[in-house]
Amino acid sequence: MKKITTRALSVLLLALGIIFGMTLFVLRYVDEGRDWALYFAGANSGAGGELRDRNGELLASFDATRSAFSADGETRVACYHITGDYWDRSGTGALSAYWDRMQEYSLLSGTTKKEPRQFTLTVDASLCRTAYFAVGYNRRGAAMLMNYRTGEVLAMVSAPSVDPINGEVPVAESAFINRCLSATFAPGSVFKLVTAAAAIEDVPDLSSRSFLCEGEYTIGSVDIHCTGVHGWQSVEQAMANSCNCAFAQIAVAAGYNSLYRHVKDYGFLDGYELDGIPSVAGSYRTEFAGNPELAWSGIGQSTDLVCPFAMLRYVAAIANDGMLARPRLILTDEPAELTRLVEASTAKKLKEMMSYNVVTHYDPANNFPGISHLCAKTGTAETGDGSSHAWFTGFLDDPSHPYAFVVVIERGGGGLQAAGPVARRILQAAIARDGG
Ligand SMILES: [Zn+2]
């Protein structure tokens, strides 16, 4: 009897072992099956795929024997941070993020469709080439253009870049990083758009207040220097002058809680996904050693760090009456997905201020010819080593050309001088693309 019990137990254990093994196999098959199936076929399953821009221009194509990119070298380099490559070197490109979907790999049959799968992105390769060459061969920087009504990203470039056709050529340092999504920068004065929003909502008498700039402003025992002597200013004038003395006072008037809440609510402290491709979170000080640091943070210096994509989301929402159209990289017929990011009345006020900046201080006839209804803010962010990051961000308040943009030139100098012309060339090309 004892012998039979032992045998039954052994069979039971054996059965459990088999069930466990099968479960493990199925789980691993679901998780890694594609890689197993594709292992012996090399780069892919044997089926072909094509990655195209919104106009049908080929960005990358592959089949059983070939992993190719655009035949045009400028397109390959300009679009590298959009396509990524077949070896996952950038880690954030469409070829990595959408590889499974491009192949339409089937778990049940272990195969893919035999017809080349067309995969179409929202970007316009021609605008990307313009944007990349505007940022420049010898500079480091990022530029993005997005339709703020639909959320479609039309251009996303990062320099230095990579020509993926030749894996043997050494690439520039940090060239694999997409600076639009995967980097953060000191924002400088573009951050005044956030400080102003906090003040608009939480300083009740803001519109009737004036702020004095005598070239420097002492808070605690800390001197805050300005780029000029701006005298008495309204909040609009302080924004257009990008006056540090006024914004130190405005930040303190709004207070830490209001500033922090707006920075957080507007998404500057979170990472996002651009249709499955992740972006990095920015940072903002959570503890202040008093008003001087609060003042510096409201000016965009202190330890503030902002991802260009987060700034683009914010200005795109301001452009669209406070509603953010979820940014998209995959072209689809689905309607825009709208969520409120900024209060409508705050967005309206910020839009007026950004328009006033351009009209009164950015000399649009000379700096932005052919571009109407431009609303923008410059930033010249000190890095601490004597150089500055140049920012220029904003949008066209024009339903015919509903574009929001962000440009950052790393250690590029002044915002209007270094980043402004990049925005100008991208916007001019986008307007021309629409038929003027
Ligand atoms: Zn000033």
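Trainee: Is helix H7 (residues 192–202) largely enclosed or largely open, and how many of the 11 residues are buried?
Mentor: This is a predicted model. Burial here means under 20% relative accessible area. H7 is largely enclosed by the rest of the structure because the buried residues among its 11 number eight.

Trainee: Which residues of H7 are buried?
Mentor: The buried set of H7 includes Lys192 and Thr195.

Trainee: Where is Ser189, and why does Ser189 count as buried or exposed?
Mentor: Ser189 sits in the loop between strand S6 (153–159) and H7. The cut-off for buried is under 20% relative accessible area. Ser189 has 11% relative accessibility, so Ser189 counts as buried.

Trainee: Which residues is Ser189 in contact with, leaving aside its neighbours within four places in sequence?
Mentor: Contact requires heavy atoms within 4.5 Å. With the neighbours within four places in sequence left aside, the contacts of Ser189 are Ser242, Ile299, Lys377, Thr378, Gly379 and Thr380.

Trainee: At what angle do helix H9 (residues 244–254) and helix H11 (residues 291–299) pack?
Mentor: The axes of H9 and H11 are 8 Å apart. H9 passes H11 in a right-handed crossing. The packing angle of H9 and H11 is about 115°.

Trainee: How do the residues of the contact of H9 with H11 divide into nonpolar, polar and charged?
Mentor: H9 contributes Asn244, Phe247, Ala248, Ala251 and Val252. H11 contributes Asn291, Leu294, Ala295, Gly298 and Ile299. Gly counts as polar in this scheme. The residues of the contact divide into seven nonpolar, three polar and no charged.

Trainee: What is the order of the open sheet of four strands, and which are the edge strands?
Mentor: The order is S3-S2-S1-S4, and the pairing is mixed. An edge strand pairs on one side only, which here applies to strand S3 (66–69) and strand S4 (117–120).

Trainee: What share of the contacts in the chain with a separation of 6 or more comes from residues 24 or more positions apart?
Mentor: The secondary structure of the chain comprises 15 helices and 17 strands. Buried residues are 50% of the 436 residues. Of the contacts with a separation of 6 or more, the share from residues 24 or more positions apart is 65%.

Key:
Residues are numbered from 1 along each chain as its sequence is written. This is a predicted model: local features need pLDDT of at least 70, side-chain atom pairs count only at pLDDT 80 or more; totals for chains, interfaces and linings use all residues. Side-chain values use heavy atoms; hydrogens and water are left out. Buried means under 20% relative accessible area, exposed over 50%, partly exposed in between (1.4 Å probe, protein chains only). Helices (H or I, at least four residues) and strands (E, at least two) are DSSP runs, numbered from the N terminus. Axes are lines fitted to C-alpha atoms, for helices over the stretch in contact, and angles run from 0 to 180 degrees between N-to-C directions. A crossing is left-handed if the near helix is turned anticlockwise from the far one by less than a right angle, and right-handed if clockwise. Two strands pair if DSSP finds at least two bridges between them.
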